[in-house]
Amino acid sequence: MAALLARYAECIFWMARYMERAENLACILDVHETFARDSFGSTNWLPILRLNADEKRFFELYPTASVKNVLNFYVLDQKNPTSIIAAIAAARENARQLRPLISTEMWAHLNMFYNRLLALEPATDLAQHNIQRLCASIKEACQTHTGITEGTFFRDQGWYFYQLGRNLERADQATRVLDIKYHTLLPSPRDVGTPIDISQWNSLLRSAAGYHAFRRVYPRGMTPAAVAGFLLFNDNFPRSVLVCMREVDSLLNRLNSKYRLRRGTLPLERSDELLGNLSNQTIESVISVGLHEYLDGLQINFAKLSNDIAQAFFLIDQPGTLSA
Amino acid sequence: MSASPSTADRMARRAQGALLSGSGKGVDDLLSSYDANGFYDELFGSASKPASHTEAVKDRLRQLDYDDLRRRASDAERELYNLGITFLVYSDAKAVDRILPFDVIPRIIAAKEWAHLEKGVQQRIAALNMFLHDIYHDQHVLKDGIIPAELVLGNANYRPQMQGITLPFKTYIHIAGVDLVRDHEGTFRVLEDNGRVPSGVSYVVENRHMMLRAFPDLMGDIGLRNVENYGAKLLDAMCEIAPPRADVDSYDPQVVLLSPGAYNSAYFEHIFLAREMGVPLVEGRDLAVIDDKVYMKTTGGLRRVDSIYRRIGDDFLDPLAFNPDSMLGVPGIFEAYRKGNVALANAIGTGVADDKAVYAYVPRMIKYYLGEDALIPNVDTHICREPDALQYTLDNLDKLVVKPVGEAGGYGITIGPRASKAELEECRAKLLEDPANYISQPMVPLSVCPTLTEEGIEPRHVDLRPFAITAKSTWVLPGGLTRVALKKGTLIVNSSQGGGSKDTWVLTEGGQAEPEPVADDSTDPFHTQSQSHAALSSSQSQSQSQ
């Protein structure tokens with residue numbers, strides 16, 4: 001069976017993570033611009049800055065959290081490592097290393113996508129009336145990448161590492177969106193049940209492309225707890241934390257069994273444990289302990305899992321690991 | 001929008017060129033007023049030696065619309081850029097992707113002429129390999145006074161560490177790129193041997209793919225030799241030279257391509273070759289040497305490597321054996337190689353054979369080792385370490401091309417007839433200071449080929465680099481890389497000096513279509529289902545290890 005270079009595995013894992021990250025960010029910006037208006041009809045962009053705890057870095061670079069500044073910071077600012085262009089640049093750098101392995105189509109698409117972002121003009125393309133169009137085109141480019149990968153990428157070990165990165169990042173992003181939104185959107189007595197309140201929760205679901213899926217499960221009504229529970233524990237929603245982690249666990253299992261990567265025991269143990277925990281949780285019990293603390297705990301575990309994966313598969317320096 | 005500034009500029013200029021020259025013009029008009037200025041022309045030949053083999057292509061070219069030709073040319077360059085068929089150029093501390101400019105008017109070689117070149121290249125490689133084996137063993141060629149010993153033993157690229165190491169099939173130069181030029185009489189001559197890490201073969205194949213996409217109407221039924229199976233031939237050679245292993249049941253050598261990494265200017269070619277061979281592209285940091293055996297770091301642990309196509313120069317290969325500062329290499333790899341535990345292509349120490357001064361002796365080498373005359377002559381060369389040659393060179397500076405022996409990439413060359421007085425004096429001073437570092441040659445009036453330029457279709461100088469692969473025997477890729485000096489009047493074709501490339505068409509005997517490649521040619525993208533599964537899977541298994 002063909003071996004996979006450890007460096008390639010690491011690059012694939014991260015290429016997938018960066019693409020997923022860019023897509024999530026584009027969704028958040030898009031939905032935020034459209035739906036998250038306050039009762040005065042203007043959009044408050046500060047919550048977005050809390051998403052990755054970016055406030056400090058942002059205010060080092062920009063004086064005010066105006067639409068224009070926040071958008072520039074998140075879309076085109078190469079100095080901001082959490083911007084879309086930084087994510088795509090990082091994905092492309094990984095893809096450059098991976099060119100011997102990935103399909104020509106994957107590289108060509110990513111290369112053109114990046115060059116397209118480079119050519120954007122802040123003054124026009126980031127103007128408020130163009131934001132939706134821009135976010136839609138970025139999302140579509142990310143989804144095109146997913147489609148091209150699905151249709152052209154050889155299904156060997158590399159594919160497993162790609163899916164691992166994608167699902168782990170998706171789970172992580174879901175907890176971040178939920179965390180920040182839950183806090184800023186905690187119903188204040190004044191807003192409960194008002195149209196603004198509903199539109200805020202709408203916005204949260206839509207940023208995860210989950211509004212219609214949610215409606216299937218809950219045709220009527222919308223409570224913060226139901227939305228949070230849906231994003232965390234729904235069995236069938238492709239962006240729920242549970243579905244992503246089930247995928248991660250099964251990928252790690254198959255790497256161990258199909259490819260006999262025995263060093264994968266450690267990450268597998270952690271992912272088994274995480275999955276077990278997620279499967280037996282209810283949103284009510286989570287909220288009673290504190291949603292923020294729970295999400296925090298998940299994020300720490302995702303980071304540990306990512307590190308375990310790196311230790312097991314990417315850092316091969318010990319002479320004790322001879323095979324064939 | 002997706003092109004680099006320079007590419008975009010050029011595209012814009014081309015579009016403008018199309019407007020200036022007015023639409024509705026046919027290529028026919030431009031070719032009728034075309035004038036090769038007395039040089040041998042690759043499409044038309046010369047007055048005494050008109051090219052008859054290009055009639056069919058000329059007819060088809062004449063039927064093209066000029067604006068259409070331009071549009072297809074700029075589409076082709078855009079596609080090269082988007083596909084990342086590029087090399088990296090560093091400017092202002094930033095790495096920029098550049099395409100090798102591509103000219104759409106092909107360079108065409110007749111079947112008979114190619115047969116001669118192919119034999120000539122094989123002969124030359126055979127002699128160079130015998131020479132290398134000799135100097136790293138008994139050194140008969142030096143003892144018999146055929147080549148001055150100090151020229152070899154004092155050469156910076158002579159590696160005493162290689163003394164006494166015997167290689168499979170006594171092959172040192174597994175991959176060669178021999179630079180040929182054609183003079184005003186239409187005679188091909190060898191300008192340079194590249195026996196270290198010759199590059200450019202990826203462009204040969206990619207240029208063909210580009211032409212197949214952009215000009216199916218130009219090439220259909222012409223009867224061209226295909227260039228598809230270079231990767232398969234290279235993999236075969238890498239497997240042939242892999243050391244035998246007794247510790248595994250069914251031995252399928254693990255081949256890898258060792259690259260300096262994604263920021264090397266030739267990275268695209270490394271990718272291309274790794275993919276064509278179906279082997280991992282590794283960097284130094286992906287390999288480890290333990291007990292004089294080479295391993296690569298995989299997700300499943302360390303895995304033995306048997307045969308390495310290295311695209312890293314001798315100096316950087318092993319910090320323990322050569323340049324201690326190298327970060328690109330693999331510590332200990334030379335010892336593994338010396339003990340016969342891993343194969344390297346090309347061998348270490350081949351640089352002494354493609355030295356510009358040693359070059360002058362190659363015809364004598366061919367006579368000495370093979371008892372034959374060189375099928376492809378050299379360009380007359382004056383070795384300035386010899387006093388007479390130095391005097392001759394100094395006396396005729398304005399007529400000669402003076403080259404430093406150790407430089408590559410067209411750097412440091414003084415072209416006498418084109419040089420200013422000051423440049424000539426500077427050259428004279430350098431010659432006097434270090435004569436052994438220089439050779440001189442008469443200026444070869446390089447042949448030209450019609451080329452699409454901003455001014456229309458104009459003659460531009462070309463050379464030819466055929467690629468040869470040698471393990472047990474030597475195989476030559478039909479054609480090779482035609483480099484074209486895009487700047488008007490210039491003779492330097494190197495990509496680093498503003499050169500571009502053309503597709504090189506070797507015609508089949510009698511214009512017949514070449515038989516389809518045999519079924520085990522896994523690099524042919526046009527495989528159909530009817531081809532046997534057994535053949536397909538056996539070729540694939542070569543790229544996978546036990």
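Two residues are taken to be in contact when they have heavy atoms within 4.5 Å. In chain B of this predicted model, 70% of the contacts with a separation of 6 or more are made by residues 24 or more positions apart. Chain B holds 17 helices and 22 strands, assigned as DSSP runs numbered from the N terminus (H or I, at least four residues, for helices; E, at least two, for strands). Of its 546 residues, 58% are buried, that is, under 20% relative accessible area with a 1.4 Å probe and protein chains only.

Turning to chain A, helix H6 covers residues 104-118. Its 15 residues should span 21 Å at 1.5 Å a residue, and the end C-alpha atoms agree because they lie 21 Å apart; the expected span is 1.5 Å times one less than the number of residues. Among the buried residues of H6(A) are Trp107(A), His109(A), Phe113(A) and Tyr114(A).

What is the volume of the largest cavity? It comes to about 100 Å³, the space filled by probe spheres set on grid points joined across faces, edges and corners. A cavity is a set of points on a 1 Å grid over the protein atoms alone where a 1.4 Å probe fits but cannot get out, and lining residues have an atom within 4 Å of a point. The lining includes Asn24(A), Ile28(A), Arg170(A) and Phe237(A). Helix H9 (157-184) of chain A gives the most, with four residues.

Residues are numbered from 1 along each chain as written, and chains are lettered from A and ligands numbered from 1 in written order. Local features need pLDDT of at least 70, side-chain atom pairs count only at pLDDT 80 or more, and totals for chains, interfaces and linings use all residues, while side-chain values use heavy atoms, without hydrogens and water.

Note on methods:
1 Å grid on protein atoms, 1.4 Å probe; cavity = no way out; pocket = protein on both sides within 12 Å on 5 of 7 lines; lining within 4 Å. Buried < 20%, exposed > 50% of the residue type's maximum accessible area, 1.4 Å probe, protein only.
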